[in-house]
Amino acid sequence: MNFDLTSEQQAIAKLCREFAEGEIAPHAAEWDARAEFPLATIRKMGELGLLGLPFPEKYGGAGADTVSYALAVMEIGRADASVGITMAAHVSLGSQPFFQFGTEEQKQRFLVPAARGEQLWAFGLTEPQAGSDAGATRTTAILRDGRWIINGSKCFITNAGTPMTGGVTITAVTGRSSDGKAEISNIIVPQDTPGYRRSEPYKKMGWRASDTRELSFDGAEVPEENLLGRRGKGFRQFLEILDGGRISVGALSVGLAQACYDAASRYAKERYQFGHPIASFQAVQFQLVDMAVEIELARTAVLKAAWLKDQGRDFATAAAMAKLFSGEVSRRAANAAVQIHGGYGFMDEYPVSRYWRDCKINEIGEGTNEIQRMVIARQLGLTGEHGS
Ligand SMILES: Cc1cc2nc3c(=O)[nH]c(=O)nc-3n(C[C@H](O)[C@H](O)[C@H](O)COP(=O)(O)OP(=O)(O)OC[C@H]3O[C@@H](n4cnc5c(N)ncnc54)[C@H](O)[C@@H]3O)c2cc1C
């Protein structure tokens, strides 16, 4: 077993760390306070190839592997979780469906500008009545005279309304089988589609500099060829996309947990009480040690899932485990980081206050902790007589 990163993986991690430290971290607090989407910075990331890292060069990508991509998300997420999720949602959720299920023409038309970072793309699964039960989609797309007529709504969709958004790929009910079961398909909806509207951005607890909106489709029309993948396979396709997405949310969680550790260990060495730096007190050391141990394990779990994907092996269980564990680690790390800062940790001028707000979504987005446990239980064959 070889845990060494290749020189290319190291180079990508280094590039991302330098970019994150120089161009993201110094502005993260301000973007968060203003809930400002950092358009110029995201465009720069596109120019650097970071928005198309794992896609082949012939489709405008950088041709990197999933391990490199996971390392990149860790580094960006360490500086700013909002920028991290913007990148992760665009690559793993917005662009990956084109790569995995698109025709050659769709790849040229949608993946190439996405991978080059000229456009951001979104992934629209969640609806007001269909969250964890994502198959309960109510949005419909009816094929009439060679066009899909879409009606319905989506909620909590990342990257849907930025000035550089190209559009969204959604799940929609495109028919019913004889037993009344919904036939779900994926439809690509470009941003300028008549009848497709985005709400104002949500006001959020964390990830405040990322773009999250509600979408509505009121007779929105797209051509028949905007069907992505096979008709009726849309739900299955989105589940496969979520498997890969879990690697990137796991990476984001590791990045945030690392930022918590960095801030807490720095502070513990500088802060004096009772005549000593608080880092000399065993109770504080143990909190930092527990953070370091958990971060190391979470990082290893995420990179293992990424490596399995790169080998073309089954990675679904490893990705769900990595996402679940890393999300919980990020929450515990943020909690400990605020604790170690004492009252100062409660003040917005210290970054740990933002980390605390940013960590919670890691246990909710792309499948809540409960849903991850259900997915893992199923993969472990733990279905009893009542199923599920
Ligand atoms: C900032 C943000 C960005 C997001 N970005 C996107 C995006 O880009 N695209 C997209 O499609 N979605 C996105 N989402 C949606 C996200 O994936 C959902 O919020 C998440 O899957 C949970 O769905 P829900 O919010 O409806 O919660 P619910 O499904 O209503 O769950 C509520 C609670 O019930 C629990 N629960 C539900 N069912 C079960 C069960 N069977 N057993 C045990 N417990 C259960 C859940 O674990 C949770 O604790 C985003 C959400 C947020 C907040």
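User: Which residues touch the most other members of the largest nonpolar core?
Analyst: In this predicted model, Ile 24, Met 45, Ile 76, Met 87 and Met 291 touch the most other members of the largest nonpolar core, which has 91 residues. A nonpolar core is a set of buried Ala, Val, Leu, Ile, Met, Phe, Trp, Tyr and Cys residues joined through side-chain atoms within 4.5 Å, where buried means under 20% relative accessible area with a 1.4 Å probe and protein chains only.

User: Which helix gives the largest share of this core?
Analyst: Helix 6 does, with 15 residues; helices are DSSP runs of H or I, at least four residues, numbered from the N terminus.

User: And what does Met 45 touch?
Analyst: Leaving out residues up to four places away in sequence, Met 45 touches Phe 19, Ile 24, Leu 50, Leu 51, Ile 76, Val 83 and Met 87, a contact being heavy atoms within 4.5 Å.

User: Back to helix 6, is Gln 258 buried or exposed?
Analyst: Gln 258, which lies in helix 6 (residues 234-270), is buried, with a relative accessible area of 16%.

User: Now the ligand: which residues come nearest?
Analyst: Of the 18 residues around the ligand, Thr 126, Ser 132, Phe 156, Thr 368 and Glu 370 come nearest, and a residue counts as near if one of its heavy atoms lies within 4 Å.

User: How far is the ligand oxygen from the side chain of Ser 132?
Analyst: An oxygen atom of the ligand is 2.6 Å from an N or O atom in the Ser 132 side chain, while a ligand nitrogen is 2.7 Å from an N or O atom in the side chain of Thr 126.

User: Which cut-offs apply to the model?
Analyst: Local features need pLDDT of at least 70 and side-chain atom pairs count only at pLDDT 80 or more, whereas totals for chains, interfaces and linings use all residues. Residues are numbered from 1 along each chain as its sequence is written, and side-chain values use heavy atoms, with hydrogens and water left out.

How values were computed. Helices (H or I, at least four residues) and strands (E, at least two) are DSSP runs, numbered from the N terminus. Buried means under 20% relative accessible area, exposed over 50%, partly exposed in between (1.4 Å probe, protein chains only). A polar contact is a pair of N or O atoms within 3.5 Å; within protein, one must be able to donate a hydrogen and the other to accept it, and residues adjacent in sequence count only if both atoms are side-chain atoms.
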